[in-house]
Amino acid sequence: MSGGNSPRKTLEMDSFHRRFSTWTPFSNKSLNRQLFQERVALISHWFELWTNKQRQEFLFTIFLQCTKSQLRFVQDWFSERKQVARVDFSTVLPRFISLYIFSFLNPKDLCAAAQVSWPWKFLTEQDCLWMPKCVKLGWFLPYSPAHNEYGAWKHHYIACVSDLDWLTPREASAVYGTLNEPKTEEEEVQERQREKCLRKIIWGKIALRKKELLRARPPWGSGVSCSGSSTCKHQLSLSGTRRDPAGLRGALEKELVLASLEVLPSRSNVSGSHSYSLLSKKNWHGVHKKDDSSSCAFQPHFILISSRVPAYELVVDSVQAGVLSAVYEHSGGTLDGLLLLVEKALHGRKARSVGIFSDGDSREINLLQGYKIGIENLLRPEVRDFWEKLGSHVATEEEGGHIDLFVPLGASEAGVAVLSRLSQLTGTLFTAPAGVVTGSHQHVLSEWLGQLQVGALPSVYFSESKLQTWAHFADLVEDALKSVRKELSPLLQDLQKGIGARMIGQFMFDSMSTADILNNQDTAQALVDGLEELSKEHSDKPLEFLSDFLLKKSKKSKDHEGNIILTKCDPKETLSLLTKKGDVIEDNSRDTKWSLSHGDLHSEGLAKLERRAAVVRELWQSERKYVQMLQTVRDVYAAPLRAALSSNRAILSAANIEIIFSDILRILSLNRKFLSNLGDRLQEWGPAQCVGEIFIKFGSQLNTYTNFFNNYPVVLRTIEKCREMTPAFRAFLKRHDKTIATHMLSLPELLLCPSRRFEEYIHLLCALRVHTPTEHAGRGDLTAAIDQMKTYKGYIDQLKETVTMKERLSDIQRLICGCPTLSEANRYLIRVQDVVQLRCCDEEIHFSLRLYEQIRDLTLFLFNDALLVSSRGTSHTPFERTSKTTYQFTASMALHRLRIEDIPDSKYVKNAFILQGPKHEWICATEGEDNKFLWLSILQKAIRSSVEK
């Protein structure tokens, strides 16, 4: 019994110590803690299931039951984690952010803010806020403030403002007097009435102008002005597109874009329709009349040089003293821009002759990007207008005026037809080189078609020695100039393009020792040939062998003095023959000056046969040299690597050797057969022979070249990867690259030969067709072969253009910080333009009275489908003069949604325009008037092309 009663007594005693629960003892803390956490979790679960109103009622009930200490705990928790009260931002934010916020206030607001509190007074009196406002008005502090002194610039601003005389002109004349005679009281009354009438007229016109702007404003526009013609077009387009609600917005947007292009200023009025020109049209006409009546001795020679010409800096430095020259950008240029360059250089004068040194071939002139001018597109309105206006800047034929094209148009029938058509359109004599050359640019040194003067025509514009150096080494120097331009462009960016190009060209000529190169070129080539033969013979007496070789070489050169690499022809006879056959449109008033009396028919026939044979010999010689270059790849690189692989001393794996050399060795095999066929045809050469069918057979096997060009990027990457990963291959290339056996070229440079060969094929075939009679049996095959080579060369050019554009887009993407992905199909860069962004202080007033302030520097990247806007900054390196330009991406927009508006020049703003997109608008200004016109003309052309797609 006693044992049974003891547990009951224990329970009764423990019940007196229970506080938190009726069933949990007070002494058991772990159980109490566990029970508390369970109930908290239960309440939290209920709280999550309640609505917002239920949660607010629950919190209200809880806060009513809390003591003051508990409510203070809640308040402290909120104050630490989240600001529940309004605080002074200047006490929370960093000081530089607070100063940046105060910098947007005007002086009156800054003075008012200084009366708010002591922290605000301290911040608003800082010199960094008041100094720009004083400097902007030309108020400079006469002393340097001490280190601990602040508020000096504010006090100076207040002192300057207090000294100003805020007087109207009438009050000022009353206080200080005037230089005019005093007026009577009646005259004063009449003047005041006249002023009131003028004010009423001005305000009436401004109100009428605002109403017109309101009517012409687009639905989402910003109130910019539109011309009356564009308003009518908008109304017509709306009536036409009202039936299609889905396409209404897009159609209206295109109409607005096209309308904004039509109201842009033309070339005759670059500054805008309301500009304040410094020279009136009457004065311009007077200048032209004065120049036309001047003597012919005052007429200069002028040369245009394209930036696409290889090593064009050397060409610019070759221009003789007294000859005007201008360098123009091939990419991102327009025909109107070229005419503007010509007009600016001539200053209203007429040139004795105008030369155009640009890229091209024997059929067309690659004048600008998108303007390959040939016989097919010569009569396009903009092309025809360009040549007619260019001819108007040249002296007449009676005064000896002519236009010289440094493109070998005289070497083909199509090129001669282009020259004849241009002469007919402009009434000006056109000349061009008639020589054909392979492997260099020596066609400019050959005879010229239509040349009237005695002597070499290039000597009119250039120094012959420097031009000859450029013709021989243009391709090699171009590779070096790429790095030179990259290094010197930041230093020369403020100079004109022609001046910077001349400086770089002079630097390159001085580095190359031009005179030594010209004097020792033949000797150096003979020594190279002798050393090559010596390496093959392994003679015991090398000096005697080399001397005997040089003696034989000199005798051989004397015996074959007449056989030159350059294939020349009689340009005047060629033109007369083509005119007879009807390939050139006749114009007796001009062609008679090019025609000569024919000699004996028998001697003419022999001369023509000899020229055909000379072209075929040049074709065979250049093909043999090309095959030798391919054999160099096989003998110097492929064969030793395969031999090392077979002897268990592999430098490269069999897979890598196959990737690098398989395609080029197949090309070698194909061209060796082609060379053999040419050699057999040359041995039995006669009047009835031709090479057209040989080229057609060769063209049917060009899939070998296609495989090589498709794998060419992979081959280069494999070479670079193996060079980095395999030390033995790196040492192998170091031993063999740029040696006598490789003609001082590296392996990647030797792999460039196939891509350049097809241009030479076309040149030589066109020259052969010039001297092939129309009734010749092989002329049809020759024409078919030329078309076949042209088609394949177009394929190669497209591959080159694609690779170049991809590299350029990737460079731009790396250059601009935060730039989105630019690589898209068929996208290419047109032009880069530096501008400044402006902000209009008051858009309510008239255009001619608006004030603008510069916000920041911008750089516009124009692509064929989009415009990319980036901010431009400059960072300087300590203790150096050089600076680095940085770009930050701002925005981009499609061209078909971009609108342009011209801002007329006034005394407050120059060379400004507006770029308006769907969401953004930029007021921009260029550095010069010419830059504005060139940029707007290029942008206008790009937008039209994008809208028409």
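**Figure 1. An open sheet of three strands, in the order 4-5-6, with antiparallel pairing.** The edges of this sheet are strand 4 (359-360) and strand 6 (371-373), each of which pairs on one side only. The model shown here and in the other views is predicted. Strands of a sheet pair through backbone hydrogen bonds, either parallel or antiparallel.

**Figure 2. Close-up of strand 5 and strand 6, which run antiparallel.** Strand 5 covers residues 365-368 and is joined to strand 6 by three bridges. Leucine 368 has tyrosine 371, in strand 6, opposite to it.

**Figure 3. Salt bridge between aspartate 663 and arginine 666.** The predicted structure holds 25 salt bridges, and this view shows the one in which the side chains of aspartate 663 and arginine 666 meet at 3.1 Å, N to O. Both residues belong to helix 27 (residues 654-683); because they are three residues apart there, about one helical turn separates them. Aspartate 663 is buried, its relative accessible area being 6%. Arginine 666, with a relative accessible area of 43%, is partly exposed.

**Figure 4. Salt bridge between arginine 681 and glutamate 684.** The closest N and O atoms of this pair are 3.9 Å apart; the cut-off for a salt bridge is 4 Å, so the contact is counted as one. Glutamate 684 is partly exposed, at 49% relative accessible area. Arginine 681 has a relative accessible area of 15% and is classed as buried because that value is under 20%.

**Figure 5. Salt bridge between lysine 932 and aspartate 902.** In this pair the closest N and O atoms lie 2.5 Å apart. Lysine 932 and aspartate 902 are both buried.

**Figure 6. A network of salt bridges linking Lys121, Glu125 and Lys154.**

How values were computed:
Residues are numbered from 1 along each chain as its sequence is written. This is a predicted model: local features need pLDDT of at least 70, side-chain atom pairs count only at pLDDT 80 or more; totals for chains, interfaces and linings use all residues. Side-chain values use heavy atoms; hydrogens and water are left out. Two strands pair if DSSP finds at least two bridges between them. Helices (H or I, at least four residues) and strands (E, at least two) are DSSP runs, numbered from the N terminus. Buried means under 20% relative accessible area, exposed over 50%, partly exposed in between (1.4 Å probe, protein chains only).
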